[in-house]
Amino acid sequence: GFKKHGHPKVEAHRDATGKALLAREDATITAVATADPGSEVVAGLSIPLLSLDDPAGVAAFILREVGLEA
């Protein structure tokens, strides 16, 4: 939910779904969490790429973004 709301977001993306990357069209997406960081789908993004296999790293990014760095 709330994909269209103006708050900052982290997009979770897997190439296997075949769905387009929302981050290319949505400036409110501040990072992309992916299992495929070498994929052409995420190539050239100017926002951070996070690993879906590193939930602690994703959580740390979110905490930094909201000013609650652990």
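Glu-11 touches Ala-20, Leu-21, Leu-22, Ala-23, Ile-29, Ala-31, Val-32 and Ala-33, not counting residues up to four places away in sequence; contact here means heavy atoms within 4.5 Å. The model is predicted, so local features need pLDDT of at least 70 and side-chain atom pairs count only at pLDDT 80 or more, while totals for chains, interfaces and linings use all residues. Residues are numbered from 1 along each chain as its sequence is written, and side-chain values use heavy atoms, with hydrogens and water left out.

**Strand β1: Glu-11**

- Glu-11 lies in strand β1; helices (H or I, at least four residues) and strands (E, at least two) are DSSP runs, numbered from the N terminus.
- Glu-11 is buried yet has no salt bridge. Buried means under 20% relative accessible area, exposed over 50%, and partly exposed in between (1.4 Å probe, protein chains only). A salt bridge is a side-chain nitrogen of Lys or Arg within 4 Å of a carboxyl oxygen of Asp or Glu.
- The nearest side chain of opposite charge to Glu-11 is that of Lys-3, 8.1 Å away; Lys and Arg count as positive and Asp and Glu as negative, while His and the chain ends are not counted.
- A polar atom of the Glu-11 side chain lies 2.9 Å from the backbone nitrogen of Leu-22.

- Beyond its neighbours within four places in sequence, His-13 is in contact with Lys-19, Ala-20, Leu-21, Val-32, Ala-33, Thr-34, Ala-35, Val-41 and Leu-52.
- Val-10 lies in strand β1 and is partly exposed, with a relative accessible area of 30%.

**Loop residues**

- Ala-20 lies in the loop between β1 (9-13) and β2 (29-34).
- Ala-20 is exposed, at a relative accessible area of 62%.
- Not counting residues up to four places away in sequence, Ala-20 touches Glu-11 and His-13.
- The C-alpha atoms of Ala-20 and Val-42 are separated by 10.0 Å, and the two residues are 22 residues apart along the chain.
- Ile-47 is found in the loop between β2 and β3 (49-51), where its relative accessible area of 21% makes it partly exposed.
- Ile-47 and Thr-30 are 17 residues apart along the chain, and their C-alpha atoms are separated by 6.1 Å.
- With neighbours within four places in sequence left aside, Ile-47 is in contact with Ala-23, Ile-29, Thr-30, Ala-31 and Val-32.

Key:
Polar contact = N/O pair within 3.5 Å; in protein donor to acceptor, adjacent residues only side chain to side chain.
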